[in-house]
Amino acid sequence: MVLNGIDSITNYRYLFEGKRVGLITAPTGLTKDFASTITILHENFNLAAMFSPEHGVRGDLDAGAVVDTYMDPFTNVPVYSLYRKDSKRLTKEMLNEVDIIVYDIQDVGVRYYTFIYTMLYALEDCANAGVEFVVLDRVNPLNGVTVEGNVLKPGFKSFVGNYELAVRYGLTAGEVATMANDQMNWNASLHVVRLEGWERSMSFPDTGLTWVHPSLGMPRYETALLYTGTCLFEGTNCSEGRGTTFPFEMIGAPFIQAQQLADEMNAKGIPGVLFRPVHFKPTSSKHCGELCGGVQIYITDLQVLRPLEVGVTLLFTIRDLYEQFSFLPPVKEGSRPFIDLLGGDNMYRTENMQAKQLLEQFAAESKQFAEITQQYHLYR
């Protein structure tokens, strides 16, 4: 039986007793029996404040929606926003409300996913303020062995990539926090409530845990795995499947010929996946209400699948087949195109760049990253 940090919290009562506790959480902050971390801390300790990441502590906000400060109706505890228009940081006033801050959110193990930066921002802010920080660790659903992709370059930092991680980084949240605290010399008073029973080779289906979607666009484990590669389409004029029942598993656009693309992708023989031609109309996001042709990606072998290879190959195949394909312009004047922020580099837009060439560069960087990060492993 694999236990996440919250399932072992009774062994760490000494960390919280007599202190004003702050909590950064989301709907995935649950025990294996679905008891809420909010309820456990509220009933057993002095839960003085909560801090809301993207999507809200109750998960009722869409991606990118600004979170307001409010009183939680179930606990009457104030909830302060960490996803404000002007900042995603803890303020001095917020930190004055607590003695210790707890982080408990299920990560997906992919650099683009914003919860990990909410954690790192908070860790740095707590270090500067002398406030203790606790990570209730959770499994990396993609396993703790496989590392994929390039490492973020310093000039390409944003909230979808704000630390020099590989795309698929093979670490738990507690390990990322431990690494950042050391590498950045923050010297925070950091505590990691460790997992029990998890081994690095385990993917989510091996854990016996129940998948609770960490955000509205991540309904299944398979979604999270494919997201490693297909999130890149958020930086293009193709639908990444938002507004369908298979976000990040279906990719398409009005200009794509579904059968042609499926045949082209299946002919490449990418290990671990097959492609089915599909037609769909997104109910929200890009191409809302428009008929899109495209492919649905089916996982056939979890062990050999490398989802970043799938996403990169699919992206360049669509680029080469359809002249209507384009990368989206910067969201605001003076910023980088979103594909650069997701990619952590501008390589995707480099003229004449090919998928094979890019993946070869990625392999060298991910190997080096995996070697460097071994020293921060908390689990075998």
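1. Helix 8 is mostly covered, with eleven of its 15 residues buried. Keep in mind as you look around that this is a predicted model. The buried residues of helix 8 are Pro307, Leu308, Val310, Gly311, Val312, Thr313, Leu314, Leu315, Phe316, Thr317 and Ile318.

2. How far does helix 8 reach from its first C-alpha to its last? The answer is 21 Å, close to the 21 Å expected for its 15 residues at 1.5 Å a residue.

3. Now over to helix 10, which covers residues 355-373. Its 19 residues should span 27 Å at 1.5 Å a residue, and its end C-alpha atoms are 26 Å apart, which agrees.

4. Which residues of helix 10 are buried? They are Ala355, Leu358, Phe362, Glu365, Ser366, Phe369 and Thr373. Looking down the axis of helix 10, you'd see its buried residues fall within an arc of 105°, so they line one face of the helix. As background, an α-helix has 3.6 residues a turn, so residues three or four places apart point the same way.

5. Turn to the face of helix 10 that points away from its buried side, and you'll find the exposed residues Lys356, Ala364 and Lys367.

6. The axes of helix 8 and helix 10 come within 9 Å and cross at roughly 150°. That angle is over 145 degrees, so helix 8 counts as roughly antiparallel to helix 10. As for handedness, helix 8 passes helix 10 in a right-handed crossing.

7. If you want to see who touches whom there, helix 8 brings Leu308, Glu309, Val312, Thr313 and Phe316. On the helix 10 side, they meet Ala355, Leu358, Leu359 and Phe362. Among these, Leu308, Val312, Thr313 and Phe316 are buried in helix 8, while Ala355, Leu358 and Phe362 are buried in helix 10.

8. Last stop: Leu82, in the loop between strand 4 (78-81) and helix 2 (92-95). Is Leu82 buried or exposed? Its relative accessibility is 2%, so Leu82 counts as buried.

9. Setting aside neighbours within four places in sequence, Leu82 is in contact with Ile24, Phe51, Ser52, Ser87, Lys88, Arg89, Leu90, Met94 and Thr118. Met50 is 32 residues from Leu82 along the chain, and their C-alpha atoms are separated by 9.9 Å.

Methods. Residues are numbered from 1 along each chain as its sequence is written. This is a predicted model: local features need pLDDT of at least 70, side-chain atom pairs count only at pLDDT 80 or more; totals for chains, interfaces and linings use all residues. Side-chain values use heavy atoms; hydrogens and water are left out. Helices (H or I, at least four residues) and strands (E, at least two) are DSSP runs, numbered from the N terminus. The expected span of a helix is 1.5 Å times one less than its number of residues. Buried means under 20% relative accessible area, exposed over 50%, partly exposed in between (1.4 Å probe, protein chains only). The arc is that of the directions from the helix axis to the C-beta atoms. Axes are lines fitted to C-alpha atoms, for helices over the stretch in contact, and angles run from 0 to 180 degrees between N-to-C directions. Angles under 35 degrees count as roughly parallel, over 145 as roughly antiparallel, 65 to 115 as roughly perpendicular and the rest as oblique. A crossing is left-handed if the near helix is turned anticlockwise from the far one by less than a right angle, and right-handed if clockwise. Contact means heavy atoms within 4.5 Å.
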